[in-house]
Protein chains: 2
Amino acid sequence: MKVSRYKKEDDITYALGATVVMEYLNNRPDLVEGVILHPKFSSEDTISRIGDICKANGITVATEEKPFNILSQKENCFVIGVIRKKGASLKAGNHVVLVNPSNAGNMGTIMRSCAGFGILDIAVIPPAVDHFDPKTVRASMGASARVNIEVFETFDKYQERFSENNIYPFMLDGSTLLQDTEINEPFSLVFGNEATGLPSEYSKIGRPVRIEHTSNIDSLNLPIAASIALYASTKKIFSGKA
Amino acid sequence: MKVSRYKKEDDITYALGATVVMEYLNNRPDLVEGVILHPKFSSEDTISRIGDICKANGITVATEEKPFNILSQKENCFVIGVIRKKGASLKAGNHVVLVNPSNAGNMGTIMRSCAGFGILDIAVIPPAVDHFDPKTVRASMGASARVNIEVFETFDKYQERFSENNIYPFMLDGSTLLQDTEINEPFSLVFGNEATGLPSEYSKIGRPVRIEHTSNIDSLNLPIAASIALYASTKKIFSGKA
């Protein structure tokens, strides 16, 4: 199977690692163009599960070493999925909005937390890291197969389409603490860039929320802030399920 | 200044990047053996602040390129701190306990969140990743200069010394949800390995807590689970500070 170093302009991306590939096969086999197994991959059970799903869905399976040298560098990776990129359209409901996210790993980790807390729609406001980047896909542990990501030209365009949503911009100088804020559905949890946060004008688009922390640190890591917000915003939904 | 590739047995470790080095200079200048500036580092302001602190503390400053080739690889790093490793002793109070953590970046991210939520004492139960690893120090964004980390031979030895602490093991099959659990001080929030979690016997050492998530994902990323637990356990302390 022919693969080449990932480029943003390509129509395909790559899922690196058995866990990530299985997520695509189980949830979005329609997006999987092919699966490549490393000749040294010896997990019979996984190979047979991959074979079954691929057969049922008409997906090619190849066993070759070369694609691993091109795509996976030093990582401990024995399965590659060739994934067709497909744009998604956000559904009405609860959203996470990422304004100018710049780190591929962070974006993947946020996808994983979003999927974990049942928020499957993520809006992205550019400039932003490529959400199809194999590093993002891998950091998401395959949650990228489950979430809908739509890139909006501006935040205004996002808000026009989802005018019913309650907007909660997360800002270091937000006026209310997360624990004292009632997050009402449908909600949009809005986060800024890793280094610079949200531009100050975002304080006017909704109720700015702050995750209080000590002066020991400048800020929380972005996926951590987003995940704490997701936890706090969805815990009512989960409560009573003990 | 002579530097060599980091080894676990060494008496020194390295802080890579201006932010991380400044954290050490501001908080633990006693641990800084030297600071190395890249010849191309041009931030006059930072250079002058580093110079002042180093002068006041008798710390050598050198400007050389070679150490960066040895230590920093491709990262965007213009300042290196040579840091003396020093064991720490846990103080009584609230703790995070990491049982068999295996990833250096994760451990650093947890240190950063701990410092952020004011929990400065972290117990580690081996086998565990080296908490002095430069990757850990860097992921902590220098919070490693603020937290006390003590490695205990076993969890029992930890518990012997802090028998007054309320133990909350975080487990995927924990019997109560985090949002329904009263976390009483002094607390110990206990987390297992990234891939395997806590061994099942930990359910007997305290009240096992679960951070509920959908079946979309197998588990939350470890630093994210720990940070959500830290947020939930300390929010009373911060509340009312709005």
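## Helix 1 of chain A and its surroundings

A: In this predicted model, the buried residues of helix 1 of chain A pack against strand 1, strand 2 (32-37), helix 2 (44-57), strand 4 (79-84) and helix 5 (134-139) of chain A. Those buried residues are A18(A), V20(A), V21(A), M22(A), E23(A), Y24(A) and L25(A). They make up seven of the ten residues of helix 1 of chain A, so this helix is largely enclosed by the rest of the structure.

The domains of chain A come next. Where the two meet, eleven residues of domain 1 of chain A are in contact with eight residues of domain 2 of chain A. On the domain 1 side of this contact, strand 1 (12-16) and helix 1 (18-27) of chain A each supply at least two residues. Helix 1 of chain A has the largest share of that side, with five residues. By class, the domain 1 side that touches domain 2 of chain A holds five nonpolar, four polar and two charged residues.

Chain B has a helix 1 too, also spanning residues 18-27, and M22(B) is found in it. M22(B) is buried, because 20 other C-beta atoms lie within 10 Å, and a count of 20 or more is the cut-off for a buried residue. From M22(B) to L189(B) is 167 residues in sequence and 29 Å in space, taken from C-alpha to C-alpha.

The two chains also touch each other. Here 31 residues of chain A are in contact with 31 residues of chain B. On the chain A side, the elements giving two or more residues are helix 4 (104-116), strand 9 (176-177) and helix 7 (222-238) of chain A. Helix 7 of chain A gives the most, with seven residues. Sorted by class, the chain A side has 13 nonpolar, twelve polar and six charged residues.

Two of those elements also meet within chain A. The axes of helix 4 of chain A and helix 7 of chain A come within 9 Å and cross at roughly 15°. Angles under 35 degrees count as roughly parallel, so helix 4 of chain A is roughly parallel to helix 7 of chain A. Their crossing is right-handed. Helix 4 of chain A brings N106(A), T109(A), I110(A), S113(A) and C114(A) to the contact, and helix 7 of chain A brings L222(A), P223(A), A226(A), S227(A) and L230(A). These residues divide into six nonpolar, four polar and no charged.

Helix 7 of chain A also meets helix 7 (residues 222-238) of chain B, with axes that come within 9 Å and cross at roughly 55°. The two helices are therefore oblique to each other. This crossing, too, is right-handed. The contact is made by P223(A), I224(A), S227(A), I228(A) and Y231(A) of helix 7 of chain A, together with P223(B), I224(B), S227(B), I228(B) and Y231(B) of helix 7 of chain B. Eight of these residues are nonpolar, two are polar and none is charged.

Terms used. Residues are numbered from 1 along each chain as its sequence is written. Chains are lettered from A and ligands numbered from 1 in the order in which they are written. This is a predicted model: local features need pLDDT of at least 70, side-chain atom pairs count only at pLDDT 80 or more; totals for chains, interfaces and linings use all residues. Helices (H or I, at least four residues) and strands (E, at least two) are DSSP runs, numbered from the N terminus. A residue is buried if 20 or more other C-beta atoms lie within 10 Å of its own, exposed if 12 or fewer, and partly exposed in between; C-beta atoms are placed from the backbone. Two residues are in contact if their C-beta atoms, placed from the backbone, lie within 7 Å. Ala, Val, Leu, Ile, Met, Phe, Trp, Tyr, Cys and Pro count as nonpolar, Asp, Glu, Lys and Arg as charged, and the others, Gly among them, as polar. Axes are lines fitted to C-alpha atoms, for helices over the stretch in contact, and angles run from 0 to 180 degrees between N-to-C directions. Angles under 35 degrees count as roughly parallel, over 145 as roughly antiparallel, 65 to 115 as roughly perpendicular and the rest as oblique. A crossing is left-handed if the near helix is turned anticlockwise from the far one by less than a right angle, and right-handed if clockwise.
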